[in-house]
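Morning, everyone. I will go through one structure, a piece at a time. Please have a look at it before I start.

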Amino acid sequence: MISSILQDLRIGFRVLLKEKSFCLLAVFVLALGIGGVTTMFSVINGTMLRGFSYPNADRLAGVQVIDVTQKNANVNGFGSQIFTLDYEAIREQQKSFDLLAAYINGATVNVTFNGVPQRYTGAYVSADFFRILGVSPVLGRDFAPDDDKAGAAKVALISTQLWQRDFGSSPGVVGKAIRLNGKSATIIGVMPPGFSFPVNEQIWIPLYCEYPPFPRNSPNAQGANPAVLGLIKRGVPFDQATAEVTTIAHQLAKAFPDTNKKFDTALVEPLIKTFTPPALTQLLWTMLACCVGILLIACVNVMNMQFARAALRAKELAVRSSLGATRFRLIRQMLTESLLLASVGALAGIGVAYWATDWLNALTHAQANPIPSYITFDIDRSVLFFVVGSAVLAALASGLIPAWISSRASAVEALKESGRGNTGRAIGVITRGLVVFQIFITCILLIASLLQLQSILRQQRVDYGYDTDGLLAARMALMDGDYPTPEARKLFFDRLMRELRASPDFENAALTNRFRMTFSGNGKIEIEGRAYKTDDSDRPLANFEQVSEGYFDTLGAKIREGRDFNLDDTDMKLPVAIVNAAFAKKYYGTESALGRRFRTVGNNGQLFGPWRTIIGVVSTVRMPAPFNQPNVDATGFYVPYFSSTFGPVQPGPVSQQFATVIARPRGAAGPARAHAVSASLQRTVNQVDANLPLYFVGTPRENQDTFLAQNRIVAAMFSIFGAVAIILSAVGLYGVMSFSVNQRTQEFGIRMALGADTNRILQMVLRQGAIQLAIGLALGLGLTLLATFAFGDAIANFLFQISPRDPLTYAAVGLLLTAVALISTLVPARRATLVDPMIALRAE
Amino acid sequence: MSDSLIKLEGVTKVFLTDEVETHALSGIHMDIKKGEYVSIAGPSGCGKSTLLSILGLLDSPTEGSYILNDRPVQGLSLPERARIRNREIGFIFQSFNLIGDLTVYENVELPLTYRGMPAAERKAAATEALEKVGMGHRAKHLPSQLSGGQQQRVAVARALAGKPAVLLADEPTGNLDSKNGDSVMQLLAELHKGGATIVMVTHDTRFARHADRTIHIFDGRVVQEQVEQAH
Ligand SMILES: Nc1ncnc2c1ncn2[C@@H]1O[C@H](COP(=O)(O)OP(=O)(O)OP(=O)(O)O)[C@@H](O)[C@H]1O
Ligand SMILES: [Mg+2]
């Protein structure tokens with residue numbers, strides 16, 4: 001048995017070496033297919049299967065409490081609400097975890113060291129944070145419980161990367177004093193190289209020392225709603241922990257209905273799952289499905305080539321079987337060849353995957369808004385298993401059916417003089433069917449890629465309604481150390497605005513709470529004089545932004561009616577608002593909005609803002625971020641910068657720690673001019689506060705672009721999928737048509753002898769291609785369309801401002817595939833017309 | 001209008017392969033009248049098939065003129081040649097050359113389709129031709145389901161369905177046993193009696209006797225014309 005298999009292998013090698021062009025093409029096609037699916041699998045593996053490499057990785061749990069009705073928030077992974085007081089309650093009552101920790105990551109930390117102010121990305125974490133992971137500092141000590149208390153001496157741990165970059169790799173850094181968020185703090189240690197958990201953190205600070213527990217009804221307070229992770233006890237299943245925390249959440253919801261009523265469902269999952277929101281999971285699996293589709297197309301190509309070979313080898317097979325080879329033996333021989341091919345294809349595919357993962361790693365980690373550092377795409381052991389699996393499947397898929405069918409041909413039939421027998425016809429039907437299948441899959445892939453591509457293009461071309469290239473925007477964080485009160489912050493902001501407007505470099509400047517000029521908030525409102533239900537289900541959503549006077553002027557938005565805010569507009573005097581044209585039109589139609597009133601509705605219809613009088617109507621600039629937000633339209637309102645959008649009127653100015661400043665440069669417009677004055681902006685800020693670093697400095701467009709970078713990669717990958725699919729399909733169609741033309745040379749000769757002219761022959765071949773194309777297109781376009789009806793919501797989630805049934809896209813895919821099919825059929829068809837009719841006279 | 005159907009004058013055919021010239025035909029003169037039954041004989045490689053392919057407009061002569069039905073046909077374009085093949089010429093091949101994917105009926109109908117004949121006329125003509133060769137009952141069969149003799153009968157039906165000016169047959173019995181061969185020859189003889197013009201290449205002197213005359217070819221030249229006296 002072994003020796004006969006060895007013989008099969010030897011013969012297989014010999015056969016394949018003899019047919020070099022077949023081999024090269026098959027290996028190329030399989031390498032693309034296996035390489036693609038391997039790359040995508042390594043992305044999925046790195047993102048959500050492999051998990052973390054920390055010692056306690058298998059017991060790490062993410063703890064969330066969600067409002068199950070907030071589908072969109074849950075799908076996008078920001079639906080959890082655990083106030084610090086809730087966290088404390090859970091921690092005290094639970095028995096499922098050895099340790100729990102609360103944390104806030106991606107936070108801005110202002111650090112001045114050696115007189116240089118810098119903004120770091122940091123995390124505020126409970127004392128047990130690193131013990132849960134099982135990671136300790138390589139230098140210095142971990143946080144102790146006493147560090148994590150209100151009023152404790154400020155301490156910080158830094159990453160190795162920071163230690164090397166900003167602290168000269170000095171071992172003496174432990175115990176060094178720095179200025180941290182306006183207070184003096186001590187560096188107590190350095191975390192291991194490469195460690196930047198949870199996302200891309202550079203510095204870690206005890207949570208309660210910075211943000212002591214807030215009362216529950218201050219939802220907007222910074223640090224009020226931390227994320228929670230835990231070290232689940234050995235042997236405790238996640239379900240059990242979920243049930244336990246759900247019980248606690250129930251009690252809290254009952255005890256504090258104002259804030260917690262709807263948040264009564266816990267979700268305790270492996271941490272990696274918590275970190276991978278369902279929307280991302282869906283996207284990744286969809287992409288893997290695309291790659292599997294490509295691999296299928298590749299297998300079909302090889303299968304068709306195998307069919308062609310089998311037809312050419314029919315005589316050889318018949319001779320073998322007449323010499324006594326069993327059918328099993330024939331199949332085994334052919335499968336051995338397929339396996340050999342698939343193995344070489346897999347090796348080449350691993351090469352493709354190495355190259356592709358390198359590219360993806362570099363791309364995804366180098367952008368301004370990089371993916372979490374724990375995610376790397378590698379060809380590790382499980383990826384290799386996957387490769388072997390897909391290669392074997394590819395070999396079986398591409399080799400078994402051809403081997404099965406061609407070994408069925410009876411010796412008599414194949415040895416008979418007269419041409420194609422039943423097997424030949426069956427093979428003809430099957431190969432044509434397979435081409436239809438390829439076109440079908442390609443069609444789906446092309447629609448998906450084209451929709452993705454247009455979606456990202458639309459995101460990039462969102463018209464914000466002002467010149468997003470001509471302004472300079474920057475973010476600042478006024479931390480408690482230097483600015484313990486809103487009054488202190490207001491003093492700073494007032495001075496900054498005066499200085500900026502006095503500067504010869506700037507024409508105007510203003511403040512907003514819009515994050516990176518991309519995200520503003522939205523919330524429910526009610527219009528005075530209209531009747532609403534008691535719960536908040538029928539209140540409309542509107543976008544909102546807190547802006548200083550001069551904001552619209554700086555943006556270049558026109559006040560169409562009424563006036564801009566001025567420094568006297570405070571909520572204590574009279575709560576006012578400016579609404580955009582879309583808001584005015586929607587709620588007041590042709591009547592003037594001036595003097596009308598509305599108010600905000602927060603906390604599930606229980607927290608009302610004051611009635612705000614509309615004092616101005618401004619032209620509509622885009623307020624929502626360039627992402628899908630169901631139920632959010634263009635309507636929006638603005639409130640004075642030092643007031644609160646939600647809740648009752650506050651005594652004194654309201655001022656968040658974080659602010660976005662925008663400034664319009666004097667002189668020429670455009671990003672170059674904006675960059676030229678960025679040093680001047682920083683200088684002016686430092687004239688007012690020498691320790692305040694600016695960050696996210698750039699034009700609004702540049703800021704908006706950072707959020708689209710990952711989508712661009714996704715779109716690039718979808719484009720690659722589409723391109724590869726179309727190339728492979730073209731190869732497939734060309735191969736089948738060529739083979740069929742070769743097989744029918746004699747027939748074309750006869751037809752010509754009977755009076756068919758070249759046009760007729762050309763048409764005949766083209767028609768055969770057209771029929772396959774038409775069926776494939778009808779299936780592909782039709783079934784995709786049907787799928788959009790069945791899964792419309794899920795698909796729409798991936799798309800921005802384009803319908804999954806966009807007729808232009810479908811038409812374009814149809815045209816593109818038709819063009820490709822025409823080209824790949826035309827060459828064999830031309831060859832058919834060149835057949836010499838004399839061939840009819842010659843006996844075979 | 002003369003009663004000459006085919007007139008060859010000084011026809012030569014030279015094949016050039018790998019710088020080697022093969023003179024397949026060297027100065028053939030030939031005149032075939034309407035309603036004649038001519039057989040062409042000669043040793044293997046003497047140029048019989050080449051001559052037939054020129055007569056059938058599958059190939060064109062290197063030199064010389066060919067007048068078919070009072071019309072010179074050397075300089076015609078490819079589509080016109082295809083048209084003449086379709087309307088004026090019926091081919092019968094040694095290896096039958098039925099198209100395997102088409103039924104018997106569809107094979108016979110094929111040249112009529114190329115002519116753009118309406119479906120009803122096609123049906124009438126194809127059925128008539130099949131009846132004539134005694135294969136009407138096998139119209140729905142595939143060629144692979146027929147014996148060699150039956151296949152050749154279908155091929156004859158296909159050749160005559162369009163009522164061509166001339167039937168060209170290249171060794172029509174070459175792939176058949178003697179019994180089947182006899183009956184196909186019988187069929188051609190009957191067609192000739194019915195008025196058909198036939199040019200047939202054959203080795204078999206027995207069959208040559210059916211013809212009005214036999215043209216002997218040797219090394220690309222006509223060496224002897226012999227008028228059959230048998231009937
Ligand atoms: N396409 C071609 N290219 C080169 N030489 C050719 C070609 N066709 C025929 N010949 C040569 O022309 C000569 C005549 O060939 P042809 O086929 O006409 O012979 P034939 O009389 O039909 O022989 P047979 O009785 O064996 O069928 C031969 O020497 C042949 O090799
Ligand atoms: Mg011959």
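Helix H14 (residues 381-408) of chain A gives the largest share of the patch, six residues. Helices (H or I, at least four residues) and strands (E, at least two) are DSSP runs, numbered from the N terminus. One residue of H14 in chain A is Leu400(A). Leu400(A) is partly exposed, at 36% relative accessibility. The cut-offs here are under 20% relative accessible area for buried, over 50% for exposed, and partly exposed in between (1.4 Å probe, protein chains only).

A word on the source. This is a predicted model, in which local features need pLDDT of at least 70 and side-chain atom pairs count only at pLDDT 80 or more, while totals for chains, interfaces and linings use all residues. Residues are numbered from 1 along each chain as its sequence is written, chains are lettered from A and ligands numbered from 1 in the order in which they are written, and side-chain values use heavy atoms, with hydrogens and water left out.

Next, charges. Side chains of opposite charge can pair when their charged atoms come close. A salt bridge here is a side-chain nitrogen of Lys or Arg within 4 Å of a carboxyl oxygen of Asp or Glu. How many salt bridges are there over all chains? The count is 39.

Take Arg501(A) and Glu549(A), whose closest N and O atoms are 2.7 Å apart in a salt bridge. Arg501(A) lies in helix H17 (residues 486-502) and Glu549(A) in the loop between strand E14 (541-547) and helix H18 (551-555), all of chain A, so the pair ties together parts that are 48 residues apart in sequence. Arg501(A) is partly exposed at 26%, whereas Glu549(A) is buried at 19%.

Asp480(A) and Arg489(A) also form a salt bridge, 3.8 Å from N to O. Which is the state of Arg489(A), buried or exposed? Arg489(A) is buried, with 8% relative accessible area, while Asp480(A) is partly exposed with 29%. Elsewhere, Glu526(A), Asp538(A), Arg539(A) and Arg599(A) are linked in a network of salt bridges.

Last, chain B. Four of its strands form an open antiparallel sheet in the order E2-E1-E4-E5. Strand E2 (20-33) and strand E5 (71-72) of chain B stand at the edges with a single partner strand each, so one side of each has no neighbour in the sheet. Strands count as paired if DSSP finds at least two bridges between them.

Strand E1 (residues 4-17) of chain B is joined to E2(B) by ten bridges.
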